[in-house]
Amino acid sequence: SMATPHTTGIVALLLGEQPSLSVDEVRSLIEGTARDGGTPGWDPDFGYGIVDAAAAVASLTGAPTPTPSPSPTPTATPPPPAEESVTITKVSYNSRRDILKVEATSDASPGAALRVFDNSDPASPVELGQLDYNSKRDQYSASFTWPVQPIEILVISSEGGQDSFFLGGP
């Protein structure tokens, strides 16, 4: 029971204030200042009640028992903002020129960086570069010289969103 360490702590506080207290005096102070938890007086569920360190020490020193301040009313915590999303809208590959073109949309802020990776080997992705934002089209796009196919393209935003697309071989 957690009552034992709490009560032991109160005994230490009381003896710290007045080391000459007898066992019976300590018991009387703790029982006399406990808050009833059930039926008034001793009962089998709560014994003499819930120990109250502040009241026990105040009773010993003659100081007024501190009145607990009311708990503040909890306020709702706003939910965290949703992670912004990235969607690869088009991937094309010109095999004659080894040109890979990637287009994507995102609800990230226009200044967000969308980086493109060859994620064919997830243990060591290779960064191809960054997509440029076109405000007229509200879209990101870029072309890269990349002679490797098949390729898994991974686009990651600096604001947390990501999307991937697999482009098969020639």
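Modeller: A salt bridge here is a side-chain nitrogen of Lys or Arg within 4 Å of a carboxyl oxygen of Asp or Glu. Keep in mind that the model is predicted.

Biologist: How many salt bridges does a search of the whole structure find?

Modeller: Side chains of opposite charge can pair when their charged atoms come close. With the search run over the whole structure, the number of salt bridges is four.

Biologist: Which residue forms a salt bridge with D24?

Modeller: D24 lies in helix α2, residues 23–33. The closest N and O atoms are 4.0 Å apart, and the partner is R27.

Biologist: Is D24 buried or exposed?

Modeller: The cut-off for exposed is over 50% relative accessible area. D24 has 56% relative accessibility, so D24 counts as exposed. R27 has a relative accessible area of 47% and is partly exposed. The class asked for, that of D24, is exposed.

Biologist: K101 and E103 also meet in a salt bridge. Is E103 buried or exposed?

Modeller: The N to O distance in this pair is 3.5 Å. K101 is partly exposed at 33% relative accessible area. Buried means under 20%. E103 has 8% relative accessibility, so E103 is buried.

Biologist: Which residue forms a salt bridge with E127?

Modeller: The closest N and O atoms of the pair are 3.3 Å apart, and the partner of E127 is R115. The pair links distant parts of the chain, 12 residues apart: E127 is in strand β4 and R115 in strand β3. Both are partly exposed, E127 with a relative accessible area of 42% and R115 at 37%. The name asked for is R115.

Biologist: In what order do the seven strands form the open sheet?

Modeller: Strands of a sheet pair through backbone hydrogen bonds, either parallel or antiparallel. In this sheet the pairing is antiparallel, and the order is β1-β2-β5-β4-β3-β6-β7.

Biologist: Which are the edge strands?

Modeller: The open order of seven strands starts with β1 and ends with β7. An edge strand pairs on one side only, and that holds for β1 and β7 (162–167).

Biologist: By what angle are neighbouring strands of this sheet turned against each other on average?

Modeller: The value is an average over neighbours in the sheet, with direction ignored. It comes to 25°.

Biologist: What is the bridge partner of I156 in β7?

Modeller: Strand β6 covers residues 151–157, and six bridges join it to β7. The two strands run antiparallel. I156 has as its bridge partner in β7 Q162.

Biologist: Which residues touch the most other members of the largest nonpolar core?

Modeller: In soluble globular proteins, nonpolar side chains tend to be buried together. This core has 20 residues, and those with the most contacts to other members are L100, V102, V116, L131, I153 and V155. Strands β1, β2, β3 (114–118), β4, β5 and β6 each supply at least two residues of the core. Apart from it lies another core, of eight residues, including I10, V26, L29 and V57. For the largest core, the names are L100, V102, V116, L131, I153 and V155.

Biologist: Where is D138 found, and what is its phi?

Modeller: D138 is in the loop between β4 (126–134) and β5 (139–145). Its relative accessible area is 45%, so D138 is partly exposed. It is not a glycine, yet its phi is positive, at about 50°.

Key. Residues numbered from 1 in each chain as written. Predicted model: local features only at pLDDT ≥ 70, side-chain atom pairs only at ≥ 80, totals over all residues. Heavy atoms only, no water. Helix = DSSP H or I, 4+ residues; strand = E, 2+ residues; numbered from the N terminus. Buried < 20%, exposed > 50% of the residue type's maximum accessible area, 1.4 Å probe, protein only. Pairing = 2+ DSSP bridges. Axes fitted to C-alpha atoms, helices over the stretch in contact; angles between N-to-C directions. Core = buried A, V, L, I, M, F, W, Y, C linked by side-chain atoms within 4.5 Å.
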